[in-house]
Amino acid sequence: MTSTTARTIRVALVGNPNTGKSTLFNALAGLWQHVGNYPGVTIETKKGSFEFNGNHFEIIDLPGTYSLAPRSPDEMVAVEIILGQSDEEEPPDVILVIADASNLERNLYLTSQILEIGVPVVLALNMMDVAEQQGLRVDCDQLAQTLGVPVVPIQANKQKGLETLKAALADAVHATRPSPPAIFPELFEAEVASLQQATNGERPFMIRRLLVDGNDLEESRFRQRYGEDFIRAVHAARERLANNGSTLIGLEARSRYAWIRQVTSNCLHRPEVRPVTWTDRCDQIITHPLWGTLLFLAVMFVVFQSIFTWATPLMDLIDAGKEALSGWVATQLPPGPLTSLLRDGIIEGVGGVIIFLPQILILFAFIAVLEDSGYMARAAFLMDRLMARCGLSGKSFIPMLSSIACAVPGILATRVIENRRDRLATILVAPLMSCSARLPVYNLIIAAFLTQGHAWWVPGLTLFGMYLLGIIVAPMVAWALKGTLLRGETPTFIMEMPTYKWPSPRTVLRRVQDAGWEFLHRAGSIILATMIIIWALLYFPRTDPKGGYYDVRVVQLEAELAELAESETKDSEELKNKIDAKQNELNQVRGDWKRQSILGRMGHAVEPIVEPLGWDWRLGMATLASFPAREVIVGTLGIIYNVGDDVDEESSSLHESLRSATWEKAPQKKIFTIPVALSVMVFFALCCQCAATLAVIKRETNSWSWPVFTFVYMTALAYVGAFVTYHVGTWLLG
Amino acid sequence: MNALSLDKIPIGQRVCVDAIQGDDAIVSRLFEMGLLEGEIVEVIGIAPLGDPIQIRLRDYRLCLRKQEASRVLVSLVA
C-alpha cells in the first residue's frame, strides 16, 4: 500500500437470504473477519478486507433480507448502514448486491430498492449454473444496460467470476451514480418531492419509506428531526393518495414488480416447459408425508447419536488434560490459596467449560451442513404444525432439539429465526430441555436410589421421564410467554424453500470455527469469574477452631495417605485399615472445612427454604454451589457427605453414603427417601443452573433482563416442581 | 368462484391469484415476496400434518400456513 493512488474502498454486501451471500463474503474476505455489534440491537455484521490491484477493500456483510422496509430497530440498523447514516460505520462507497440468477424476479425487488439510494451499485448474479439447469437464460449485458449498473455473473461456491467482480467494484467508485429508476406513480413521486423540500436534504428513499411503510419506528425518527407538523404533512399526503385511488398497501410491491416485469421481459428467457430439476426429485421423497417423516427422524437420530458418541473421546481427552495440568500445577507450586485458586478455581472452572467444546463443534458442523444444503428449511416445513401449537414456528424446532445436547449451541442456533418474539421465546425455553450436563445428576440419583430393589424398568423409565419433563414443560412455557410477555403479531410462517445444493466446506468450517470461538471466548469469561467466586466461597475461611489451617491439614493428610499407599507391604490387612482410617480423617477434615466455609454457612442459612422440598442444609448448599454449572453437584455431594473429592456418578461409595446420610437434627432419620430423590431430580431438570447458558442469553438478546428473567422463572419453576414432587411423592408412597 | 382460497387447492393445481385480503404485516410480506394479483402459482406440497403448504411462485418455492393461504383468493387455471 505504498502507492499514492491507493485508497480504501468500503463495500456493503446486501442480498436476499439463500442467495449464497455468506459464501461470497467468505470467498472475498478470506480468513480475516471480525464481527461488528451495535448498541441496543441484536443484529451483528461481519467485516473483512481484501486487496485488489493496489486497492484496499473493506467489506461489511449485512443480514440477508427480502426488503429494505425496516420493521424493527434491528432492520433499521442495517438500513442506516446502507444509507451511510450509522454512527458506528462509515458510509459505503459501493453497495454490492448479490442476487440469485435462478430466482431473478424476486431478487430484483431488493435490488430496485437499493438502486434508489444513490450510492454506486454492483450486481453480482450468483448461481448461474442453477439457473441454467432450470432452463433459465439471463442476458447479463442486457440487464446491466437496463439497470444502468455493472452486472457480474459469478458462482461463489466455485470461486468463479470473483476477479471480474473485484474489478467492477474498483471501477464502480469512479462511475457516475446510477439514476434511480422511475418505479412509483407520478402522483406519489410528487408527494415525495414536496415532503422532501420540508426536510434538511433527507434522501427521497427514506421519504418514500416513510410514506409507504407508515410504521412508528420511522415516524418517530422523522418527528424528532422535523417536528409534529412534518408528520401531519405526511399523514395528509397519505390521505390525498388514498383519495386518488392508489391505496398505499401493496403500492410499493405492485409498482416494483410491474417495473421488474418490464426489466426481465428482454433479459430473462424462460423455457416453454419447466424442466424437472434435481431439487424436485429430492423433494418427492424428502417432503413426502411418510418417507420424509422417517428420513427426518433418522437424520435427527444420527445428529444426536453423534453428539453423544463422537464427542465422548474428545471430552475424555480434555478431561484427562485438565487432570494432568492440575496435577502438574500441584507438583510445581507450594500448597496455599494461590495454588488452590489455580487448580480448583481456574483449571477446573475453565476446563469444565472447554469440555463442552467437542459437542458444540459437532452440533454446529451438522447445523451448517443441514442449513447450507437446504435441508433445514424442509425440517422446519415438516415440523411447523407441531410447533404452531405452542405459538412458535417450524424454525424453532432445531434449536429446541439441539438443546437436548446443550442449551448453549441451541440458543446460538436460534439465529435462523427472523421473528424477534419467536426467537426470544425459543431462547427462553431452550434451557428447559434436559441437556447432557443433567445426565450425570440423573445417573447419580437413579443409581443410588432407584436401581437396587426396584423393578428392572424403573431406572430407564425415570430417566425417560426426566427428559420428557423438559419436552413437555418447554412448549408450555413457550405458549404462556407468547400469550403474555411476548404477545405480538399473529405468528406466521412465510418461508422461502431454497433449492438443494452441496454444502460448501468453507462455509461449514467457518460456521464451526465461529461457534467454537464465540463459545470459548464469551461464555468462558463469565464461567471463569463465577468459578473463582464459588471457589473463594468454599475456600474461606480456612482456619479451624484450633487456629490451624484446613488447607495445610488436607495437604499433610494427602501426603501421608500417598506415603502409606506406596509402602511395600501393600496387601496387608493392617495397612488397608490404616489407609481407610487416614482417608476417613481426610474426608472428615474436608467436610468440616466445607461446612464452616462461607458457602457452608450460606447452606445453613437456606435450610428453611429447602426444607419444604425435603432437603437438608447440605443438599441446599450443594445445589447452591452448582448454580454456575449443574454437574458440579456430583463432586460437591461427595465433598459434603464426607466421601472425598474424587467421586463420579458411578462411584458406589458415594451411592452408599448418600443412602446412609441422616439428618443432623434427627440422626435416625434418613435424608434421601424416594420422594426426596425425585424432588432433587425435578429441581435439576427445571432449574437454569448454568452460567454459560445465561451468558449466551445475555449475548444473544443484548440485555441483562432476559438472562435474569430466565434465571428467576426457571428457579421458581424448579422450586415449585420439586415441592409438588416431594409432597405428592410422600403422599403416594406414604 | 369467490369462495375459493389458496388453502383449499390440491397438490398439482395451478391457480391465479385474484386478491389478498387484509392490510397487515403478513399481507405486505406476501406482497414483497411477489405474491400479487394476477400471478399464476401452483400448489406443490402439503406438510405431513396437513399444514403448512408449499407453492411455486415466480421462479421459486414459498411455504406458508393454511391460515395465511386462506386469505389468498384464487381462481383455477387449466
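With which residue does A:Arg106 form a salt bridge? The partner of A:Arg106 is A:Glu496, and the closest N and O atoms of the two are 3.2 Å apart. A salt bridge is here a side-chain nitrogen of Lys or Arg within 4 Å of a carboxyl oxygen of Asp or Glu. A:Arg106 belongs to helix H3 of chain A and A:Glu496 to strand E10 of chain A, so the pair ties together parts that are 390 residues apart in sequence. A:Arg106 is buried at a relative accessible area of 1%, and A:Glu496 is buried at 7%. Buried stands for under 20% relative accessible area, exposed for over 50%, and partly exposed for values in between (1.4 Å probe, protein chains only).

The model is predicted, and local features need pLDDT of at least 70, side-chain atom pairs count only at pLDDT 80 or more, and totals for chains, interfaces and linings use all residues. Residues are numbered from 1 along each chain as its sequence is written, chains are lettered from A and ligands numbered from 1 in the order in which they are written, and side-chain values use heavy atoms, with hydrogens and water left out. Helices (H or I, at least four residues) and strands (E, at least two) are DSSP runs, numbered from the N terminus.

The interface of the two chains was examined next. Contact, defined as heavy atoms within 4.5 Å, involves 44 residues of chain A and 33 residues of chain B. The size of an interface is often given as the accessible area lost when the parts come together. The area buried between chain A and chain B is about 3,400 Å², with carbon and sulfur atoms giving 56%; buried area is the accessible area (1.4 Å probe) that two parts lose on being put together, summed over both. Between chain A and chain B there are 14 residue pairs in polar contact, both residues being at pLDDT 80 or more. A polar contact is a pair of N or O atoms within 3.5 Å; within protein, one must be able to donate a hydrogen and the other to accept it, and residues adjacent in sequence count only if both atoms are side-chain atoms. On the side of chain A that touches chain B, two or more residues come from each of helix H3 (104-115), helix H10 (251-265), helix H11 (278-286), helix H16 (375-388) and strand E10 (495-497) of chain A. H16(A) gives the largest share of that side, 7 residues.

In one of the salt bridges, A:Arg261 pairs with B:Glu39, the closest N and O atoms being 3.4 Å apart. A:Arg261 lies in helix H10 of chain A and B:Glu39 in the loop between helix H1 (25-32) and E2 of chain B, so this pair joins two chains. A:Arg261 is partly exposed, with a relative accessible area of 40%, whereas B:Glu39 is buried at 8%. Another pair crosses between chains from A:Asp280 in helix H11 of chain A to B:Arg56 in strand E3 of chain B. The closest N and O atoms of A:Asp280 and B:Arg56 are 3.7 Å apart, and both residues are buried.

Strand pairing also links the chains. E10(A) runs antiparallel to strand E4 (residues 60-64) of chain B, and 3 bridges join them; two strands pair if DSSP finds at least two bridges between them. In this pairing A:Met495 stands opposite B:Cys63. Within chain A, strand E3 (residues 44-52) and strand E4 (residues 55-61) pair in the antiparallel sense over 7 bridges, with A:Ser49 opposite A:Glu58. E3(A) and E4(A) form a hairpin with 2 residues between them, and A:Asn53 in the turn has a positive phi of about 50 degrees.

Backbone features also occur in loops. A cis peptide bond joins A:Phe540 and A:Pro541, with omega about -10 degrees, and A:Pro541 lies in the loop between helix H22 (505-539) and helix H23 (550-566) of chain A. B:Arg58, in the loop between E3 and E4 of chain B, has a positive phi near 50 degrees and is buried at 12% relative accessible area.
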